[in-house]
Amino acid sequence: MAAGAETFSLREVLVAFTACVSEQREVRVDPYLAGWKGLVRFLNCLGTIFSFISKDAVTKIEIIENYRNSDQREKYLTVQSMVEYELANGLVDLQQRSKHPNSGCRTFLRLHRALHWLQMFLEGLRTGEDNSKTSVICSETYNASLANYHPWIIRKAAGVAFCALPTRNTFLETMNVGTAEEAVTMLGDALPYICEVYKITEELYAQHKLLDLP
Ligand code: 1Q0
């Protein structure tokens, strides 16, 4: 485990995702990005073999953060307001990437697809046997979700990186929330929030026919 692992706690990721959904059932962008930043920190602790993944995640987080720091920051407060603003102003490439290659909508969609993988991966970890392999849980859930959007070369590199994952119990202990059993309890508490964030975003994107943005 690389240096810095001790500074990561699943708790902060949990808190971020629990704060995502507003009373109006809108998805707040800032805690969503904070959740991903926590996950990236965790990923960095697992070793440099995962760098190509965390770099891509950081690039996407920064694209959206830049919108949140721009003059239009209020338009990017929630995923709902972002979709409304970008669509109303023709800021989304719908057929192929051209004028707006890094729209908030297409960038957020990549994180949203990754959240689907995360949801399945955490559920797999939570319900797995003590001695089950994290690498197997990771590749099975990846193949059933994100892999469908990745070219062969990325799928291959991801498969190689997954082999470097520690065993389930070591992995759970790295989360820094106590014993493996305590980490499992925390996952059970966190998952409904992550699922809700995913579901709301999925419905919004489906409603606006944005699920295949290039
Ligand atoms: C624990 C092991 C982590 C395994 C991560 C699985 C995801 C593999 C993703 C491989 C992405 C490869 C890099 C490039 C991808 C891009 O081509 C792709 C599409 O973007 P674009 O612009 O080309 O259209 N990008 C994506 O699909 C976004 C991928 C973001 C992945 C972010 C993963 C962050 C992972 C965090 C660690 C989670 C650990 C969970 C347990 C902790 C519990 C709190």
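**Helices and ligand shell in a predicted model**

In this predicted model, helix α5 has 24 residues, which at 1.5 Å a residue should span 34 Å; the end C-alpha atoms of α5 lie 34 Å apart, in agreement with that expectation. The buried residues of α5 are Gly104, Cys105, Arg106, Thr107, Phe108, Leu109, His112, Ala114, Leu115, Leu118, Phe121 and Leu125. These buried residues pack against α3, α4 (79-88), α6 (134-143), α8 (168-174) and α9 (180-207).

Lys60, Ile64 and Tyr67 are the buried residues of α3. Because they cover an arc of only 50° around the axis, they lie on the same side of α3. Exposed residues occur on the other side of α3, namely Lys55, Thr59 and Glu62. The packing partners of the buried residues of α3 are α2 (29-45) and α5 (104-127).

Attention now turns to the ligand. The shell around the ligand receives at least two residues from each of α1 (10-18), α2, α3, α5, α6 and α7 (152-162). There are 22 residues around the ligand, and those that come nearest are Leu39, Leu43, Asp56, Ala57 and Ala114. Ala114 is also among the buried residues of α5. By residue class, the shell contains 18 nonpolar residues, one polar residue and three charged residues.

How values were computed. Residues are numbered from 1 along each chain as its sequence is written. This is a predicted model: local features need pLDDT of at least 70, side-chain atom pairs count only at pLDDT 80 or more; totals for chains, interfaces and linings use all residues. A residue is buried if 20 or more other C-beta atoms lie within 10 Å of its own, exposed if 12 or fewer, and partly exposed in between; C-beta atoms are placed from the backbone. Helices (H or I, at least four residues) and strands (E, at least two) are DSSP runs, numbered from the N terminus. The arc is that of the directions from the helix axis to the C-beta atoms. Two residues are in contact if their C-beta atoms, placed from the backbone, lie within 7 Å. The expected span of a helix is 1.5 Å times one less than its number of residues. A residue is near a molecule or strand if its C-beta atom, placed from the backbone, lies within 6 Å of it. Ala, Val, Leu, Ile, Met, Phe, Trp, Tyr, Cys and Pro count as nonpolar, Asp, Glu, Lys and Arg as charged, and the others, Gly among them, as polar.
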